[in-house]
Amino acid sequence: MSDAAPTPPQPQPDAYTQPFWDACQRQSLEAARCEDCGHCFLPPGPCCPQCWSAELSVCPLSGRGRVYSFGIYRRSYHPGLPAPYVVALVELEEGPRLVSNVVGCMPEDVRIDMPLRVRFEASGEFVLPRFEPAEEEGARR
Amino acid sequence: MSRRAVIAGVGHTAFGKLPERTSWDLEVEAARAAVADACMSPSEIDGLLTDPGPVQGVLDGITPHFLRLGAQLGLNPNYTGSEILGGAGSVAIVERAALAVEAGLCDACLCVYGDSALSAGSAYTYGRGDESAFGFFGAVGLHALAAQRHIHTYGTRPEHFGEVVVAARAHGVRTPHAQKRRAISMDDYLVSDPVVEPLRRLDCCLVSDGAAAVLVTTEERAADLPCPAISLLGHAQAHSLSTYASPDHFESLPAAHCGPKALAQAGITASDIDVAMLYDCFTIVVLLQLEDYGFCKKGESGSFVEGGRIGPGGTLPVNPSGGLLAEGYGGGMLHVIEAVRQLRGDAGARQVPDAELALVSGHGLGMNTHATLVLGRNV
């Protein structure tokens, strides 16, 4: 193999989202938290989208969530991302929703409300928070 | 007689693949056609609003679209601008033109949509910011999330999505200028290639080169014109900009807010509508609008569209020109034009009998923007 696989599209962090991607490098998932109203949100930005306060801190996330909705890509949009793959809108247990992938199972087995846990995977220079099926909350303890 | 705004003229180009044409010269053709249709003179045009379409507007960033077209048309208008609201842009500029005319900012405002999305290629496969790292691309991937929710929540079947495009293509057969004039069967739909499941290729609208224009003027000026003027009876916009953070973003459209408002302003309900010109970038968007505008109950759009109800001769003809799924991608301006033709009684083989009230919608970007017009025959 002389040709390396093309690098998939890379995130383009800005001053507000850089800490999120830095945390992913440490295998940690975090959102922004409003110090005034307690709202936990993604993506991080200059103010709280709920109360517009600029007093923000970090909200550590458990990495557990559920499939809110998903699509199975049957065609490839980028040479670095061969089809099929699943893009899901993941609802994290702390509240924010995050676009990501469901990995570790067949695309056909993905279901809405399926419990998930984060799985960090390298992609080019970045570490992406992808998600894999997890056991039900009740069965975990 | 008053400064009440009416639509006095409509015009459009061919739609389809037109590689020898630029969006700019297509827009000029549509603009000339709309003014000629109204039997008005270019010297009367003192307003220009434009919707630059997906390639010029969304992908190239903010371009002075109105300036380029206005320069070619030799206009020094009293009111101008471009609106970038994705697929809600055309409907929104017609609304804005009506408000500008009624406020006295201008007397005759030309509203122009144009784009060369087909010749430019890949208009709808753009990455969605950081989310493209996860392979989240294009409008289809986004609308697949809404379709999946509808299937999950209401048990909507593939055949329900299929009914929408089978109806659109049946309408297209009767539309001489439609880009797709061949009817399709439910079997054609069911074997159509999946793109982003649950959406198939046939769930997705066409991509087109073309331009379309509408001329808005005062009722007083239109009284002297040969074509019947079409009145704007109600209008409203609503937008969902918080996207994922909004709990029901993929469950219902902002139409649920601006639809009842526009209908109430017109003094009617959804059941009074004779022709529904619903923005149809994807079949799921038609299903959601049937619910959110109140043509049926929430969750019941699947059974509502069964049996050809929105097709030719159905009890609620949706997009009798074929819409984005058959007529061509006209950014929503072709929807306005078809409503005008239906209300004029000027729609030929596809005329809906006794059409007096039409609803027109525009929907755009990441399911973020929505605009509604209620149009009526000027009586």
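## The largest nonpolar core

In this predicted model, the largest nonpolar core has 160 residues, of which B:Leu110, B:Cys111, B:Ala213, B:Val214, B:Leu215, B:Val216 and B:Ala358 touch the most other members. Such a core is a set of buried Ala, Val, Leu, Ile, Met, Phe, Trp, Tyr and Cys residues joined through C-beta atoms within 7 Å, where buried requires that 20 or more other C-beta atoms lie within 10 Å of a residue's own, all placed from the backbone. Helix 4 (residues 89-102) of chain B gives the largest share of this core, eight residues, helices being DSSP runs of H or I with at least four residues, and strands runs of E with at least two, numbered from the N terminus.

Neighbours within four places in sequence aside, B:Val214 is in contact with B:Ile7, B:Val10, B:Ala34, B:Val94, B:Cys111, B:Met333, B:Val336 and B:Ile337, contact meaning that C-beta atoms placed from the backbone lie within 7 Å.

## Where the chains meet

Chain A brings 29 residues to the contact and chain B brings 25. On the side of chain B that touches chain A, helix 6 (138-154) and strand 5 (194-197) are the elements that give two or more residues, and helix 6 of chain B has the largest share, with seven residues.

Strand 4 (residues 64-73) of chain A and strand 5 of chain B run antiparallel and are joined by two bridges, where pairing takes at least two bridges found by DSSP. A:Tyr73 stands opposite B:Val196 in strand 5 of chain B.

## Reading the model

Residues are numbered from 1 along each chain as its sequence is written, and chains are lettered from A in the order in which they are written. Local features need pLDDT of at least 70 and side-chain atom pairs count only at pLDDT 80 or more, while totals for chains, interfaces and linings use all residues.

Note on methods:
Two residues are in contact if their C-beta atoms, placed from the backbone, lie within 7 Å. A residue is buried if 20 or more other C-beta atoms lie within 10 Å of its own, exposed if 12 or fewer, and partly exposed in between; C-beta atoms are placed from the backbone.
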